[in-house]
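Biologist: I would like to learn how to read the packing in a structure. Please take me through it feature by feature.

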Amino acid sequence: MDKVFLKKARGKMVIIILVILAGFLIRGRLDGLYERQQTREGEGEVNVYSEGDRVGRALAYAENVPDEHPTLGAFHKEHPEAEVLAACEEDLTNDGLKDLVVIFATTEDDEHVGTENLGRHKHIRLTVAIDSGDGVNYEFTEPIPAPVENQKIQFQNIDKKDEIEFVLQGQKDNKVGYGIFRVVEGETVNLFGEGMEDC
């Protein structure tokens, strides 16, 4: 009986020792893998952007048109009191003509202004100037709220057909948001977004 017990105890001890050794071997390999991964992540180029507060890959933001751009002149005639914050052009309506996305500050109250802010603040809005083709007449979409600060625009043909969408990013204080928009039948339509209502 004692011999059987010792054989079973020895067998269990051998199994326990083998499990402990396997654990050490696996741990050693995982530590080596982790160190190699850390070394690999340290390689390559890190971009620091002009704002100095973010790193990562370069993003293809649209450039602003110059102040003397004819469509921007038409916008100023339509909204003489507006302060232009960003203005970028692209063929958004798929008609071969460049349209202009304009983000501007205005003191004019509209239906998007809450009663507590009527007449008290500048409001940031977005409109699209749609080129009629004659280079003189433009149709403007109804202004919609836009982020208060750091507005950036990217043009992307997300569904790879027809109209080009644009992505609007921005922030208000420490809140960041974005929206994906398309111009449909003379209106700026928000297809998808996150955090825009806080910006």
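Biologist: Which residues is Leu126 in contact with, leaving aside its neighbours within four places in sequence?

Modeller: Contact means heavy atoms within 4.5 Å. Leu126 is in contact with Val101, Val102, Ile103, Phe104, Glu142, Pro143, Ile144, Ala146, Phe166, Leu168 and Thr188. This is a predicted model: local features need pLDDT of at least 70, side-chain atom pairs count only at pLDDT 80 or more, and totals for chains, interfaces and linings use all residues. Residues are numbered from 1 along each chain as its sequence is written, and side-chain values use heavy atoms, with hydrogens and water left out.

Biologist: Is Leu126 buried or exposed?

Modeller: Buried means under 20% relative accessible area, exposed over 50%, partly exposed in between (1.4 Å probe, protein chains only). Leu126 has 0% relative accessibility, so it counts as buried. Leu126 is in strand E5. Strands (E, at least two residues) and helices (H or I, at least four) are DSSP runs, numbered from the N terminus.

Biologist: What is the general idea of a core?

Modeller: In soluble globular proteins, nonpolar side chains tend to be buried together. A nonpolar core is a set of buried Ala, Val, Leu, Ile, Met, Phe, Trp, Tyr and Cys residues joined through side-chain atoms within 4.5 Å. Here the largest one has 20 residues, and Leu126 and Phe166 have the most contacts inside it. Strands E3 (83-90), E4 (99-106), E5 (123-131), E8 (149-156), E9 (165-172) and E10 (175-184) each give two or more residues to this core. E5 gives the most, with four residues. Another core, of twelve residues, lies apart from it; among them are Phe75, Phe104, Tyr138 and Phe140.

Biologist: How do I read a helix?

Modeller: An α-helix has 3.6 residues a turn, so residues three or four places apart point the same way. Now take helix H2 (residues 70-78): Thr71, Leu72, Ala74 and Phe75 are its buried residues. These residues are on the same side of H2 because they cover an arc of only 155 degrees around the axis. The arc is that of the directions from the helix axis to the C-beta atoms.

Biologist: What do the buried residues of H2 pack against?

Modeller: They pack against E3, E4, E5 and strand E6 (138-140). The face turned away from the buried side of H2 carries the exposed residues Pro70 and Lys77.

Biologist: Is Ile20 buried or partly exposed?

Modeller: Ile20 is partly exposed, at 46% relative accessible area. Ile20 is in helix H1 (residues 2-41).
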